[in-house]
Amino acid sequence: LVSRKRKAEDTIVDINGQKIGTGTPTFIYGPCSVESYTQVAEVAAAIQSKGLKLIRGGAYKPRTSPYDFQGLGLEGLKILKQISKEFGLSTISEIVTPGHLDEALEYIDVVQIGARNMQNFELLKAVGSINKPVLLKRGMAATLDEFIHAAEYIMSQGNDQIILCERGIRTYERATRNTLDISAVPILKQETHLPVFVDVTHSTGRRDILLPAAKAALAIGADGVMAEVHPDPAVALSDAAQQMNLQQFDEFYESLQNFLKTHEVH
Ligand code: PEP
Ligand code: MN
């Protein structure tokens with residue numbers, strides 16, 4: 001169902017009127033984790049001031065260590081709902097189990113399936129029968145064929161509103177947190193009719209190369225870019241080393257806008 005051979009035209013994902021996959025790149029910014037109302041509100045104000053419409057923030061955090069911050073859970077989703085109303089932004093947040101899904105749908109606009117759950121088939125089937133868009137991240141050790149099949153699981157249940165997101169894969173290279181598989185973008189665009197995003201934060205894990213990674217993503221045909229922004233990354237409860245602060249976000253945003261003005265990206 002996700003194959004280009006089945007459907008030649010691009011699927012457009014509609015997030016409350018914000019269309020993804022039309023040829024004009026879209027951006028998803030926001031903190032790694034929802035930590036407090038004020039923390040998210042500061043980022044939301046910056047996003048809103050740029051005329052952007054989407055914000056991300058994790059409430060259920062899949063952390064490597066059980067002793068690390070696990071996210072605010074439902075409380076975090078309620079904060080996102082509040083932010084959405086106040087700032088007029090659509091919200092994206094990760095759900096890690098089908099058990100949280102029904103409840104979550106009252107609070108968020110897009111359900112993110114994280115890299116660690118890309119082959120959680122029950123979760124994939126569950127988001128396949130909701131009527132909200134799904135942002136599906138590539139598993140850190142998943143082949144593109146496995147990634148595409150994960151999207152197929154979702155679509156097999158009727159939901160075609162799927163955004164694929166390359167977020168880096170695990171290789172022997174340690175200079176970056178993961179290795180950004182940039183060639184995944186044109187391959188996924190050729191093989192499927194779904195919009196493709198690149199998460200430059202988790203793929204590189206390095207603030208200093210977010211901008212060139214984002215330019216590369218847009219130049220190679222990505223439908224959008226995701227990156228993490230935190231008012232004070234040094235005290236962030238997750239991913240402190242890689243999130244941009246608000247000033248870095250301004251600079252990143254401006255540079256990317258200039259890049260888009262001077263380059264043909266589609
Ligand atoms: C995230 O986007 O917050 C996240 C945990 O990313 P990933 O699933 O790609 O590691
Ligand atoms: Mn993160």
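Me: What makes aspartate 239 partly exposed?

Reply: Aspartate 239 has 19 other C-beta atoms within 10 Å. A residue is buried if 20 or more other C-beta atoms lie within 10 Å of its own, exposed if 12 or fewer, and partly exposed in between, with C-beta atoms placed from the backbone. So 19 makes aspartate 239 partly exposed. Before we go on: this is a predicted model, where local features need pLDDT of at least 70, side-chain atom pairs count only at pLDDT 80 or more, and totals for chains, interfaces and linings use all residues. Residues are numbered from 1 along each chain as its sequence is written, and chains are lettered from A and ligands numbered from 1 in the order in which they are written.

Me: Where is aspartate 239 found, and what is its phi?

Reply: Aspartate 239 is in the loop between S10 and helix H9 (246–262). Helices (H or I, at least four residues) and strands (E, at least two) are DSSP runs, numbered from the N terminus. Its phi is near 50 degrees, a positive value in a residue other than glycine. Most residues other than glycine have a negative phi.

Me: Why is asparagine 16 called partly exposed?

Reply: Asparagine 16 has 15 C-beta neighbours inside 10 Å, so it counts as partly exposed. Asparagine 16 lies in the loop between strand S1 (13–15) and strand S2 (18–20), and its phi, near 45 degrees, is positive too.

Me: And glutamate 103, is that buried or exposed?

Reply: Exposed, because glutamate 103 has 12 C-beta neighbours inside 10 Å. Glutamate 103 belongs to helix H3. From glutamate 103 to proline 25 is 78 residues in sequence and 31 Å in space, C-alpha to C-alpha.

Me: How do you know that the protein is as compact as a globular protein of its length?

Reply: First the parts: the protein has nine helices and ten strands. Its radius of gyration is 17 Å, close to the 18 Å that the globule rule gives for 266 residues, so the protein is as compact as a globular protein of that length. The radius is taken over C-alpha atoms, and the rule is 2.2 Å times the number of residues to the power 0.38. Of the 266 residues, 47% count as buried.

Me: What puts the buried residues of H4 on the same side?

Reply: In helix H4 (residues 121–128), the buried residues are Leu123, Leu124, Ala126 and Val127. They cover an arc of only 160 degrees around the axis, which puts them on the same side of H4. That arc is the one of the directions from the helix axis to the C-beta atoms. The face turned away from the buried side of H4 carries the exposed residues Phe121 and Glu122.

Me: How do you know that S3 and S10 pair?

Reply: Two strands pair if DSSP finds at least two bridges between them. Strand S3 (residues 26–30) and strand S10 (residues 224–228) have five bridges, in the parallel sense. Phenylalanine 27 stands opposite valine 225 in S10. S3 is mostly covered, with four of its five residues buried.

Me: What makes S8 and S9 a pair?

Reply: Strand S8 (residues 162–166) and S9 share three bridges, again in the parallel sense. Glutamate 166 has valine 198 in S9 as its bridge partner. Both faces of S9 (residues 196–199) are covered: Val196 and Val198 are buried on one side, Phe197 and Asp199 on the other.
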